Amino acid sequence: MQSPIAVFRRLTLVPQGIIVVVSAFLPIFAIVSMFPALPSLMAHFADNPNANDLVPWMVTAPSLSIAILAPFAGYFVDKFGRTRLLITATFFYGFFGIAPVFLDDLTLMFCSRLALGVCEAAILTVVNTLLGDYWDDEGRRDWLYLQGVAGPILGALVIRVAGPITELRWNGVFLIYGIAFVIFVMMKMFLFEPKREESEKPAKAEAGASAAETAESDRFPGKSMLLVGLVTLFASIIYYVYMVKGALVFHEVGVTSPSRISELAALPALMVMVGAVIFRMLGKQPNGIQIGTFFGFLGAGLFVMGTADSIPQVVAGIIIQQMGIGMSGPALIAWAQTKLTYMHRGMGMGIWTSCFFFGQFISPWVTSRGESVAGSVQGAFAMAGGAATVAAIIGIAYSWLHRKYSNQT
């Protein structure tokens with residue numbers, strides 16, 4: 001077990017690490033900020049015949065742009081460099097993020113959210129690439145742990161502020177995106193373009209291997225990234241079930257006020273930090289154990305929410321589920337990074353980003369289909385919890401069998 005306290009004594013490149021941690025939250029920010037505002041947006045556009053489709057899709061519309069464009073962003077990152085793209089994308093993230101404050105047309109607001117996603121595709125791809133460029137495996141896990149700790153604090157603050165702002169003005173929540181301009185200035189001051197380390201060169205080539213062996217070493221790890229991508233896609237669908245439908249679970253147990261929903265959801269969201277601590281403590285365990293553990297937390301939490309008949313039970317489910325959320329992102333990114341070298345890191349993390357956010361984009365659709373089958377939002381949560389539990393069993397069983405086989409050989 002790794003001590004989470006020892007992390008602070010090992011940290012290097014601290015200004016850059018802080019920027020990476022905060023910047024990685026920006027794409028998540030786009031959906032977290034909308035959580036308590038969704039009912040008010042629905043009410044404002046109640047007379048629009050497309051509101052029932054477009055308003056919920058506004059929550060995850062940026063993820064469609066990310067899912068489509070992240071692999072291309074990864075290509076450009078590997079081809080032309082990291083920091084220039086990141087800094088430019090962050091500035092326009094702030095611009096398109098605030099834009100809906102000045103709009104009263106649902107279609108235009110939806111388009112601004114798609115444009116926001118273009119910026120997010122570049123931001124998240126570059127940030128995850130820099131995690132591999134700036135730090136080795138140990139340092140990367142340290143900063144992923146701190147990212148997991150900082151994320152819930154930022155998320156809880158956003159949720160807590162978003163509800164009251166929405167009650168003051170129906171589209172006031174979009175003002176929060178102005179924080180991107182502050183991050184933009186920090187990037188200009190502290191980020192630097194990483195250089196490829198000599199140690200990243202394929203060892204076989206340095207040892208005078210054949211051209212065929214060297215070409216094999218240089219080849220993109222397609223099979224490994226296919227598996228990573230599929231697991232990430234499934235995890236993302238489960239990850240966002242609560243984010244896109246959680247407010248409606250509160251409605252089903254009798255809570256309808258946006259401010260009250262914010263109050264009830266804010267403190268349990270801090271349990272993401274506990275999940276980040278668990279991730280770091282399991283840092284030396286196989287990836288299958290880490291992934292199976294976070295699926296277990298997600299599954300148990302969603303099932304509790306799906307079967308709850310009181311507010312305390314819903315809150316208990318959120319607490320369990322949020323621990324899984326705290327583990328999931330760091331565990332998946334750390335797993336993906338083990339498959340990639342410098343020359344393919346941008347493309348690899350672009351694929352990872354695409355899968356994660358395509359899962360976010362289709363999560364409302366998948367959850368709605370589950371709702372149709374189960375007859376309620378809570379029923380859909382229970383089904384999602386069961387699916388995550390199966391994934392947890394598979395991950396842990398695979399890791400155990402792989403370890404057993406390795407020991408025998």
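This is a predicted model: local features need pLDDT of at least 70, side-chain atom pairs count only at pLDDT 80 or more; totals for chains, interfaces and linings use all residues.
Residues are numbered from 1 along each chain as its sequence is written, and side-chain values use heavy atoms, with hydrogens and water left out.

**Exercise 1.** Find which parts of the chain the salt bridge between Lys245 and Glu371 ties together.

*Solution.* Start with the contact: the two side chains, Lys245 and Glu371, meet at 3.5 Å, N to O. A salt bridge needs a side-chain nitrogen of Lys or Arg within 4 Å of a carboxyl oxygen of Asp or Glu. Helices here are DSSP runs (H or I, at least four residues), numbered from the N terminus. Finally, check the cover: Lys245 is buried at 12% relative accessibility, while Glu371 is partly exposed at 26%. Buried means under 20% relative accessible area, exposed over 50%, and partly exposed in between (1.4 Å probe, protein chains only).

**Exercise 2.** Work out which helix gives the most to the nonpolar patch.

*Solution.* First, list the members: Ile68, Leu69, Phe72, Tyr75, Phe76, Phe80, Leu85 and Val118 form this surface patch. Patch residues have over 30% relative accessible area and no salt bridge, with nonpolar side chains (Val, Leu, Ile, Met, Phe, Trp, Tyr) joined within 5 Å and like charges within 9 Å. Then look at the helices: helix 4 (residues 51-80) gives the most, with six residues. Val118, in contrast, lies in helix 6 (residues 106-134).

Conventions. Accessible areas come from the Shrake-Rupley method with a 1.4 Å probe; for residues, only the protein chains shown count as cover. Helices (H or I, at least four residues) and strands (E, at least two) are DSSP runs, numbered from the N terminus.
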